[in-house]
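Q: I am new to reading protein models. Can you take me through a few features?

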Amino acid sequence: MQGKGLVKIFAIVVALICVWQLAFTFWTSRIEKSAETYAVSNLAPDVSEQNQSRAIKSLSRAYLDSIQDQPGFMGYSYKDCKSKSLNLGLDLQGGMSVVLQVARDKAIQSIAGGTNNPQLLQALESAKVREQETQQDFVSLFGEEFQRLNPGTSLASIFANSPDYSDRLSFNSTDDEVLTLLKTETENAIETTFEIIRTRIDKFGVTQPNISLQKNTGRILVELPGVDDPERVRNLLQAEANLEFWEVFQMDNAIGTALTNANTIIKDKLGIEDVVKEDDNIAEDTSLEGDDLLTENADSTNLSDEEIKRQNPLFSIFTPFQTSDNSALGLVSKSNSKKLMDYLNMPEVKAAFPRNLKFVLSKDAFESEDNDGNPVKLMRLFAIKSRFGDNFKPVLDGGVITDAGSQMEQNGSVNVSMNMNAEGARKWKNLTRENINKPIAVVLDNAVYTAPNIISEISGGRSQITGDFSIEEGQDLASILKIGKLPAPARIVEEAVVGPTLGAESIRKGLLSLLIGIVMVLGFMVFYYNKGGIVSVLALLLNLFFIIGVLASLGTTLTLPGIAGIVLTIGMAVDANVIIYERIREELSKGLTTKKAIEEGFKKSYSAIIDANLTTLITAIVLAVFGLGPILGFAVILIIGIFSSLFTAVLLSRLMIDWAGDRGTEMKFSSGLELFKNANFDFVSKRKLNYIISGVILTLGILAIVFRGFELGVDFQGGRTYQVAFDQSVSTEDIGSALANQFGTAPLVTTYDNDIRITTSYEIGNTDPQIDNQSMALLYEGVKGFYQNPPTYESFVQENIKSSQKVGPTIADDIRTGSLKATLFALIGIFLYILIRFRKWQFGLAAVLTVIHDTLILLSLFAIGWGIFPFGMEINQAFIAAMLTVIGYSINDTVVVFDRIREYLLERGKKEDSLSLINQAINSTLSRTIITSLTTLFVVLVLFIFGGEVIRGFAFALLIGILVGTYSSIFIATPLVIDLSGQDVKIENTSQAVRKPLSRAERAMQNS
């Protein structure tokens, strides 16, 4: 072996780097255990058992915050060490990841001066629809749609009126000039929004956040490990910081009459039959003074309570106050808040109220009880008043705020104080003087935070927002106001939340599957390959060490699919050793000495090993390019694993074998058992039977795909998924029926790893930031009756929701498109590589057809099996990752067989029949094919059994892929090469890399 010194130096350097990087992980882990010990010992005795885990986590975080800047390991602080340690994904430690879509339509509307020009709005809406069908940038789509809908109208006629751009645009500006400006300003708005959100997250104080911007799509990817308050995060990220001060309408005879008229309009509009289906919770949700209004507006006092509610669709969900003492008009349950706003925003209903009135809900919901004693969340409804008719422009907005801060009062309440500039102070003084003994509503992002009654004129430009804030919420609000307003709204279009309990469970299951998989593979290698197996064990352990060390060095996040990638890498890493050892055995059987057999075995294995790993690398790179989140992590680990496996299994293994031989150790590569030695099966003549078997399976599968379809995950069709824990056994059918009344349509309810998984498409296309909380409130209302001890809403969200996921329709469309592209590019890449490597299109086409064959069988089994097998078989991003891995694995097997066929044809193709040589080549690689499949099957089977429900469908796809890939590499791929070549396969000896070594006489002749 040449270059031993270089290999040693490189291995030592990599090992030292890995030790150094992993040292930070070990040190931070020790500090975090100390923090947890501190938290447990300082836990208040009156903390309930239900809240203990959250209290311990809060105390641990406080402890770590107090020491984060103190010097520690090698002079590095805890904060510095944490940034250098191995990142765990959200599925391993709990937390929240979101994808925010910056509203480019709102940015364009803002550039136009905030106008509600119908031509502009129609073009923007049309561009948003087209955006879901194409990858073209949004501004170009807007320009095309504007010209299509308004031929002959120039964009300058709208945008030249904007006072902020009057120096850059005129009414003579061309459409191209306007679109160039829009692109520049929209990109600036996206980048500014990204920077503001990043600043908010920095103030939030989460450890190791991951924030990135996709400029071409206007999306911001945020990962927040350890976060256990999703609602707080949603509010922080989506808040536009659009602060406004409004005068309000209070309850009086005119408003009461308008509400009564609105109730009648809604009843006539919906019809009694539709009203029967409406939820009438709120009439029971509160014992406040709403029942009188119901009775007064009923057609007859002899009607039952149920019939009265049916006659009063508005008052069955809304309880108005009877006096003007309150700044709000009345109360609505959180679960009915959207329905109420839908009613009040009907054009016919809006016409019943003054033109300058606009309904706004409170930000917070307070706890109350219905008549049955069940907990319920109530929100206040306000009516803000415009001084400018139906042009709803506030008297005062947040642009005048110069500073903001939060503080706790002596009574324990938290408020947020604000300082205004001179102009704001003057307007605030006038506004308060004109509204003495009247309320003024402080509205942030279209939600009323507080509406205090003004006692006297307020000068000096100071104001306060009071409310039912926690300390953290007060700090968040102050940060939002101080950092400033977003230039364009950002809405969550994809979200995943993993609870800490589920994260700890995932770590346990992932490590268990990793450990069992390693032990099984190592045990088999030692048993089958004797001392050569021991070398493989050492190489495999070094491989695992290098993978983890490189992950820590690169700052790559380790996820549960990442652990699956490591497990799969372990199974595939032995492939190189198996190829080498099987070659060494062949050379030994020819009578060569052990030393010479080792030399020839390694030399003749390089071609097959490199080809097999490069084809797998192609699929891994494609997966990295098109994958998101955990799937990207899986691909990165697979790429690292391929390079690490080549280095350890080929170079370090050779180094260790040579080292042992130099010290007189007799290397043995067999324990006496040799599978398929001297095998002589006639695979070639039976190829038509193989085609028939595959054809029958594919026909049945395609019929299942056409008539049964697939169980699509939310990331492919859009929707919301919740994994909910219950304290007793529950019926999925009963839960589905109860939630159908809440969501309007029946959700998909399945059993999932001892919990219940609920999938719904409720308002998935609605970008209102309150919809996520609304959906959670409806979920709670629907399932709370299935608990022996019903939790409070907060406890339900924090303890019983093990995980949740939301994927908007645009994201789902992009995932589908990306998956198709990933599969297509993987196939093209594999075809081109094999075409170049083997210099015959028949080999490349046969490989691609074999991959399509394997993929269709995999899809067929998922179409047949969903709803039958007792585990999830969704078609989602994880399935696509598994499918591409199967493609890589199938090609790996196929290329090894092709490589041996090429070798035999080059060596003996002119003397022997090509079909006979091909048969011999398949038989000679049979031992390697079966052993590699068995070792990989071991670890994937362990992953399937012990990996948990989260990756069971993923592991099942890999299991099927391994079996089908092994079958097709023997029975499909090579027969296709034969038939595509007209049964006479020839390979030209054009590659110097695959020629036989020249003899001494041949070299002398060549030199002469």
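A: Start with a definition: a salt bridge is a side-chain nitrogen of Lys or Arg within 4 Å of a carboxyl oxygen of Asp or Glu. Side chains of opposite charge can pair when their charged atoms come close. Here, Asp342 forms one with Lys338, with the closest N and O atoms 2.8 Å apart. This is a predicted model, where local features need pLDDT of at least 70, side-chain atom pairs count only at pLDDT 80 or more, and totals for chains, interfaces and linings use all residues. Residues are numbered from 1 along each chain as its sequence is written, and side-chain values use heavy atoms, leaving out hydrogens and water.

Q: Where do Asp342 and Lys338 sit in helix 16?

A: Helices are DSSP runs (H or I, at least four residues), numbered from the N terminus. Asp342 and Lys338 are 4 residues apart in helix 16 (residues 337-344), so about one helical turn separates them.

Q: Is Lys338 buried or exposed?

A: Buried means under 20% relative accessible area, exposed over 50%, partly exposed in between (1.4 Å probe, protein chains only). Lys338 is buried, at 17%. Asp342 is partly exposed, at 40%.

Q: How many salt bridges does a search of the whole structure find?

A: The search finds 27. One of them joins Asp105 and Lys128 (3.4 Å, N to O). Asp105 lies in helix 5 and Lys128 in helix 6, so the pair ties together parts 23 residues apart in sequence. Asp105 is buried, at 12% relative accessibility.

Q: Which residues are linked in a network of salt bridges?

A: Arg130, Glu144, Glu145 and Arg148 are linked that way.

How values were computed
Helices (H or I, at least four residues) and strands (E, at least two) are DSSP runs, numbered from the N terminus.
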